[in-house]
Amino acid sequence: MSEGARESAIREFSDDRGRLRVFEGEQDLPFPIRRCFVISDVPEGKTRARHVVASEQYLVALAGSCTALTKAGNIEQRYVLQDGNRGLHVPRRTWLLLENFSRGTVIMVLSSENYVAPAAARPGH
């Protein structure tokens, strides 16, 4: 069974040129990075995810904010993703719902696996 989601600080370097945030698989994250995708332009009142994640994921709000609701076993947790200084590690087999998106929110998701479409969505099935 999954141990549940957890927040962590993002490694950052700042100087007079701005901020640089670093994500290295198996160093900053507890898994190798196989895929990256971005969630943006979510209309007001709409949600994303609403499913059990098949891979380990790390979510970061690059702009704006949203709420992440996770459930692993009997443990439900709620997190606010915002400002890009902290990320959320979501272990595989954790239920995830993203909601309450502010206008202009951009969420980057780093994943331990490439996407595999469900059999019903693949041609020939």
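A pocket is here an open set of grid points with protein on both sides within 12 Å along at least five of seven lines. In this predicted model, the largest pocket holds about 400 Å³ of space. Its lining comprises 22 residues, and Arg35, Phe37, His51, Gln57 and Tyr115 lie nearest the centre. Two or more lining residues come from each of the strands β4 (35–40), β5 (48–52), β6 (57–63), β10 (95–99) and β11 (106–111). Classified by residue type, the lining of the largest pocket consists of 14 nonpolar, five polar and three charged residues.

Strand β10, one of the contributors to this lining, is mostly covered, with four of its five residues buried. β10 pairs with β5 in the antiparallel sense over four bridges, and also with β7 in the antiparallel sense, over five bridges. Leu97 of β10 takes part in both pairings: Leu97 is the bridge partner of Ala49, and Leu69 stands opposite Leu97.

Thr67 belongs to strand β7, which spans residues 65–72. Because its relative accessibility is 10%, and buried means under 20%, Thr67 counts as buried. Apart from residues up to four places away in sequence, Thr67 touches Arg78, Tyr79, Val80, Leu97, Leu98, Glu99 and Asn100. With Asn100, the contact includes a polar one between the two side chains, at 3.5 Å.

Note on methods: Residues are numbered from 1 along each chain as its sequence is written. This is a predicted model: local features need pLDDT of at least 70, side-chain atom pairs count only at pLDDT 80 or more; totals for chains, interfaces and linings use all residues. Side-chain values use heavy atoms; hydrogens and water are left out. On a 1 Å grid over the protein atoms alone, a cavity is a set of points where a 1.4 Å probe fits but cannot get out, and a pocket is an open set with protein on both sides within 12 Å along at least five of seven lines; lining residues have an atom within 4 Å of a point. Grid points are joined across faces, edges and corners, and a volume is the space filled by probe spheres set on the points. Ala, Val, Leu, Ile, Met, Phe, Trp, Tyr, Cys and Pro count as nonpolar, Asp, Glu, Lys and Arg as charged, and the others, Gly among them, as polar. Buried means under 20% relative accessible area, exposed over 50%, partly exposed in between (1.4 Å probe, protein chains only). A polar contact is a pair of N or O atoms within 3.5 Å; within protein, one must be able to donate a hydrogen and the other to accept it, and residues adjacent in sequence count only if both atoms are side-chain atoms. Contact means heavy atoms within 4.5 Å. Two strands pair if DSSP finds at least two bridges between them.
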